[in-house]
Amino acid sequence: MAVVLVGAGPGDLGLLTLKGYEAVKNADVVLYDRFVGEDILALMPREAELINVGKNAGNHPVPQDEINRLLLDRGLQGLNVVRLKGGDPYVFGRGGEELELLIEHNVPFEVVPGITSAIAGPAYAGIPVTHRNYASSFHVVTGHGKNNEPTNIDYSALAGAKGTLVFLMGVGALASICDGCLKAGMDPGRPAAVVENATTPKQRKVEGTLSTLPSLAASHNIASPALIIVGEVSSLSGRYDWFSKRPLFGKRVAVGRATPGASKLALRLKELGCETIELAPARFAPNPNGLDRAFAGINSYSWVAFTSATGVDTFFESLAQRRIDIRTLAHLKVACVGSQTEKAVEKWGLFADYCPSVFNGAALGKGLSGLAKPGEKVLLARAKDAGSDLPGILAAHGVEFDDIPIYEKAYSGGDADIGAIDYAAFTSSSAVDWFAQNAAGVDLASLDAVCIGESTAAKARSYGINAILSDEATIEGVAEKIKELCVWKSGQEGFAQATS
């Protein structure tokens, strides 16, 4: 057991190191900063104690002394304690201060370095901090003094070094920083830039010179967190920019989620540059009566059909909790509605006997109707209030079945205000329900939503949402359809501007 100071990087989930991830997923307690990304917080174990010790400029709800005491207290309890810090613990992260009390009390600790925004931020803005034609050194400087006192920066020394200057936590002092550089003899026309929310889908950058940057940043309302880059390498930003050129950069998509855990769709959209907004997912509760009924009659079934990964996990977790040997299922053939459900089954050491090429309940019903032999009975292990397509088709074809609700949705509304969005994306009817019941400030009648299948689209239409089907009923298919729509819309807007 130890206290581990982990650098979480500047915000992009992909910039968390493997060693940092290992520490996080094994944590009993996590003390995290304001700049730690939501994606990283989603990696925390469900049972871990999460303590928000974030600070804003001039506003420290949890004073540093209290953070130090919390680390000591949890460390003395023998817990796995992670102190999760934005960027790197030692690059203006006060990591050294947080170790002192632990050392005094002989509490073991480790430090996992993180990727600092001083390097990652410029890189995501298309700015290399060094370049053999422009700068052979770079210098990282804090723009924020201790206890909000003015910084004591030796601008003359920085001017003499002639390297790239990166100022962290200095956006509130941007004017004085640029003025200090000018007074030290730097060229007023020296390229400079400021990058806000670096490495995240909300990233914005403003390019100028030492003399123009303060007014440009003010006119664009640049705010913390932001970093300042001064040096000739800043002129390369347009040429080397890659982050803002991704196809969905600047777009906002609400991803409907009905299940806990990381959203694969949201991760894919973020890879394409999109900002995703996710409501906290619905909770699911096993239905003990339904499970008891299903297991009691398990020998009477020839097939078990699953229509969601949640149903799969509920079924097998409950099987284990009741200490029913999995070999009890040896006589069963397994059918799954789609690839994600099929993967969930494989996780339990089984392989589906049937999965339709089109991932929806109607296709599953049609396929099972042709596969189930006379006298074979099908167990539909599904959610309470699941769709009617599957049982309706089985009944129409004379297939004997029991439709047993083994779990149910436990909606606990939150009225989340998600703001303006370009599109919504849904991969299940449950996700549509959850979104419609909890998204505040959204006019559903004016919402365009990309849906993974016809049953999901039908559910969206029932709320008045304009549903658009993906070409393929897969996560990638939904992402590609959103990409296609956004590119088309951008083209239309560009045409309108050109002809106005």
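These numbered points describe parts of a predicted model.

1. Five strands make up an open sheet with parallel pairing, and their order is β3-β2-β4-β1-β5. The edges are taken by β3 (49-52) and β5 (109-112); each has a single partner strand, so one side of each lacks a neighbour in the sheet. From one strand to the next, the twist averages 15°.

2. Within this sheet, β2 (residues 29-32) is paired with β4 (residues 81-85) through four bridges, in the parallel sense. Opposite Y32 stands L84 in β4. Helix α3 (residues 64-76) lies across β1 (3-7), β2, β3 and β4, and runs at about 150° to β4.

3. Is strand β8 (residues 191-196) enclosed or open? Six of its six residues are buried, so β8 is largely enclosed by the rest of the structure. In a regular strand, side chains alternate between the two faces of the sheet. In β8, P191, A193 and V195 point one way, while A192, V194 and E196 point the other way, and all are buried.

4. Strand β8 has antiparallel pairings with β9 (residues 204-209), over six bridges, and with β10 (residues 226-230), over five bridges. E196 has a bridge partner in each: R204 in β9 and A226 in β10.

5. S263 sits in the loop between β11 (252-255) and α10 (264-271). Why does S263 count as buried? Its relative accessibility is 12%, and buried means under 20%. Apart from neighbours within four places in sequence, S263 is in contact with V255, R257 and E278.

Note on methods: Residues are numbered from 1 along each chain as its sequence is written. This is a predicted model: local features need pLDDT of at least 70, side-chain atom pairs count only at pLDDT 80 or more; totals for chains, interfaces and linings use all residues. Side-chain values use heavy atoms; hydrogens and water are left out. Two strands pair if DSSP finds at least two bridges between them. Helices (H or I, at least four residues) and strands (E, at least two) are DSSP runs, numbered from the N terminus. Axes are lines fitted to C-alpha atoms, for helices over the stretch in contact, and angles run from 0 to 180 degrees between N-to-C directions. Contact means heavy atoms within 4.5 Å. Buried means under 20% relative accessible area, exposed over 50%, partly exposed in between (1.4 Å probe, protein chains only).
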